[in-house]
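Me: I am new to this structure and would like a close look at a single part of it. Could you walk me through its aromatic rings and what sits around them?

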Amino acid sequence: QVQLVESGGGLVQAGGSLRLSCAASGRTFSSYTMGWFRQAPGKEREFVGVISDNDETTRYLDSVKGRFTISRDNAKNTVYLQMNNLKPEDTAVYYCASARGGLKAYYPRARLSASYDYWGQGTQVTVSS
């Protein structure tokens with residue numbers, strides 16, 4: 001079993017930056033593909049980005065490409081979401097999630113929440129105009 005804890009959310013003005021962290025328990029973090037999702041009030045949960053377990057390949061939601069960057073530090077069992085040039089439309093609760101069993105960032109199903117086995121509690125990101 002894997003426990004995930006997000007942190008780093010908060011209130012920021014449009015154009016600002018935040019760095020979210022997701023700390024994972026266990027001793028096999030490097031074997032998990034890690035995803036970031038978000039859910040705004042009244043909207044469906046949507047895929048934000050993903051990073052593979054082995055090759056650390058990344059994929060992103062089109063609307064965040066060039067602004068968000070996913071990275072991981074396996075020695076610290078942590079995955080990061082660096083968010084730059086934030087926009088009000090980025091306001092949401094952000095969740096990290098882990099997957100195992102052969103999921104890769106470049107698989108289309110990596111964009112689906114159902115592909116992930118464990119989820120964090122979420123961290124609120126609010127971007128004011």
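Reply: Happy to! Let's begin with Arg45, which lies over the face of Trp119, 4.4 Å from the ring centre. Here, a charge counts as over a ring if NZ of Lys or CZ of Arg is within 6 Å of the ring centre and within 35 degrees of the ring normal. Before going on, please note that this is a predicted model, where local features need pLDDT of at least 70, side-chain atom pairs count only at pLDDT 80 or more, and totals for chains, interfaces and linings use all residues. Residues are numbered from 1 along each chain as its sequence is written, and side-chain values use heavy atoms, with hydrogens and water left out.

Trp119 also belongs to a cluster, linked by ring pairs, with Phe37, Phe47 and Tyr116. Rings of Phe, Tyr and Trp (its six-membered ring) pair if their centres lie within 6.5 Å; planes under 30 degrees apart are stacked, over 60 edge-to-face, and the rest tilted. The count of aromatic pairs comes to five. One of them joins Tyr106 and Tyr107, edge-to-face, with 5.3 Å from centre to centre and 90 degrees between the planes. Tyr116 and Trp119 are edge-to-face because their planes stand at 65 degrees, with the ring centres 6.2 Å apart.

How covered are these rings? Buried means under 20% relative accessible area, exposed over 50%, and partly exposed in between (1.4 Å probe, protein chains only). Tyr116 is buried at 5%, while Trp119 is partly exposed at 28%. Tyr106 is partly exposed at 42%, and Tyr107 is partly exposed at 27%.

Finally, Arg19 lies over the face of Tyr80, at 3.9 Å from the ring centre.
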